[in-house]
Amino acid sequence: MSGWIDGLFAPFVEFSFMRRALVACLALGLGCGPVGVLLTLRRMSLMGDALSHAVLPGAAIGFLIAGFSLTAMSLGGFAAGLTVALLAGLVTRFTGQREDASFAAFYLISLALGVLLVSTRGSSVDLLHVLFGTILAVDDRSLLLVAGIASLTLLTLALIYRPLIVECFDPGFLQSVRGRGTAYHLLFLVLVVLNLVAGFQALGTLMAVGLMMLPAAAARFWAQEVWSMAAVAAGIAVLSGYVGLLLSYHHDLPSGPAIILTAGMAYLLSIVLGHRDGLIVRFLPRRHLQT
Amino acid sequence: MNTAALSLNNLTVCYDRHPAVHHLSGAFASGSLTAIVGPNGAGKSTLLKAIMGLLPATTGRIDHAALARSDIAYLPQQAQIDRQFPITVLDVVLLGHWRRIGALRAVTAELRAKAVAALAAVELNDFQRRPIRSLSAGQFQRVLFARMLLQDARLILLDEPFTAIDARTTADLLDVVRAWHAERRTVIAVLHDLEQVRAHFPETLLLARSGIAWGQTAQVLTPDNLRRARRMAEAWDESAPPCAVDP
């Protein structure tokens, strides 16, 4: 029994790389959870995915210039993600192309470019690092970056919370009272890209968006308002990080997929058990309220 | 005659590069209650959007010099709102205080009490904590009217406020519109139901891209005018020239 409990804490007590990884997951979850909730509410779930792939060529260019430097790769990734978001947005605005098609087109170009860059100049080991992340090798500087991004995200969301939600729920009303919805939308896209860059350090480009979307999709089954959904999503994300790290430690699994699969389990459980629209609530016969 | 709350001067507005409102001139008197009617695609919604400044005028001018933007309330067609969004009834109504709370200021107890009173005025007592996804279309429209009550606007624009709304709600909300009229606010509503217009709206603008007739309802809604409006809308669909200026 005590050995079992020990297993929940010992890895973090014994190894500093596990402690760092845990703190990184905590920060990532706090930032990604609320951002993911707003993404799903804006019906942009797949655009998060597109943007996470779009980060790759920037990270690759950073890697080619500065070697395996997380700072250079992050800056590159941020620039590439933002470029794709802006280009896709502009094309949608000026040509009438659907936003999802526009995002898909640019992220595919970006992803192909990224894979090309990494495979011509780096080795396949580097490519694996970029694609699947290095959470067990997070150093102090990248930890600071991840924590900084999480703090900035929560502060910014607090400041633009009200207009951002109105813009999403009733854009016509926001236009009628002040007409500046686009600015909040762009600011929000910057936050999405920032959080993907933070996630990409730890989980890799392919997995980064998982910690954003899965807890958000699960939160919908537990909460009725945006703030409570964001809190639930952040909680699930943090917990997934912790459980995923433990699984990866005890069973010798790669940490990124372990974390995302844990979040995936949380999502599946929420579909079944969630008290709002969950399958059990929906299909189990309920007694009528007696008055 | 009253002073004009809003006047249109040779106004042309384009939608998708075709003129949707064409060389329209006239004035909405201050405190007037006007219905805008016309065939589908007659430019009714486009006109409201242009008045709100959401679409630019290609030629001509819209003058509402005496009114600031916060003096105008606008209810778009319901389809533009996400009714599954996780937000409570009270939070939606509180948005009517936008010019007092903006993006950052707190909602005081007094503002909250006013919102509760507005909900009571549209007969939605005890609905504050309900999520909007649980409301019927009629109940949700009552919520939007409660929000407009708080906006306390001098000019109120309604785009098809009673389409797909049950009869009882329509009657209650028409009472709200009449109360606004009694308070000397200027109300402009896009409507389809001509009986309703004849019964409740003293003034009417019959629109088929160009203005067909504008004035007292009984003189505007004549069979002859209605026929002309229909013919005009049909003829224009094929021959409408592209706009000179991008919308």
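Me: Before we start, how are residues and chains labelled, and which parts of the model count?

Reply: Residues are numbered from 1 along each chain as its sequence is written, while chains are lettered from A and ligands numbered from 1 in the order in which they are written. The model is predicted, so local features need pLDDT of at least 70 and side-chain atom pairs count only at pLDDT 80 or more, whereas totals for chains, interfaces and linings use all residues.

Me: What makes up the secondary structure of chain B?

Reply: Helices (H or I, at least four residues) and strands (E, at least two) are DSSP runs, numbered from the N terminus. Chain B has nine helices and nine strands. Its radius of gyration, taken over C-alpha atoms, is 19 Å, close to the 18 Å from the globule rule (2.2 Å times the number of residues to the power 0.38) for 247 residues, so chain B is as compact as a globular protein of that length.

Me: How do I read the sheet in chain B, and in what order do its strands lie?

Reply: Strands of a sheet pair through backbone hydrogen bonds, either parallel or antiparallel. Here two strands pair if DSSP finds at least two bridges between them. In chain B, six strands form an open sheet with mixed pairing, in the order β5-β6-β7-β3-β8-β9. At the edges are β5 (72–75) and β9 (210–216) of chain B, each pairing on one side only. From one strand to the next, the twist averages 15°.

Me: Which way do β3 and β8 of chain B run, and what lies across the sheet?

Reply: Strands β3 (residues 33–37) and β8 (residues 203–208) of chain B run parallel and are joined by four bridges. Helix α1 (residues 44–52) of chain B lies across β3, β5, β6 (155–159), β7 (186–190) and β8 of chain B, and runs at about 150° to β6(B). Axes are lines fitted to C-alpha atoms, for helices over the stretch in contact, and angles run from 0 to 180 degrees between N-to-C directions.

Me: Is helix α11 of chain A buried or exposed?

Reply: A residue is buried if 20 or more other C-beta atoms lie within 10 Å of its own, exposed if 12 or fewer, and partly exposed in between, with C-beta atoms placed from the backbone. Helix α11 (residues 210–219) of chain A is mostly covered, with ten of its ten residues buried. Those residues pack against several helices of chain A, including α2 (16–41), α3 (45–66) and α9 (181–203).

Me: Which residues does A:Leu28 contact?

Reply: Two residues are in contact if their C-beta atoms, placed from the backbone, lie within 7 Å. Setting aside neighbours within four places in sequence, the contacts of A:Leu28 include A:Val146, A:Leu211 and A:Gly241.

Me: How many residues do the chains bring into contact with each other?

Reply: 16 residues of chain B are in contact with 16 residues of chain A.

Me: What is phi at A:Arg43 and at B:Asp152?

Reply: Most residues other than glycine have a negative phi, and most peptide bonds are trans. A:Arg43 has a positive phi of about 55°; A:Arg43 sits in the loop between α2 and α3 of chain A and counts as exposed, with 12 C-beta neighbours inside 10 Å. B:Asp152 has a positive phi near 50°. The loop between α5 (137–151) and β6 of chain B holds B:Asp152, which is partly exposed with 16 other C-beta atoms within 10 Å.
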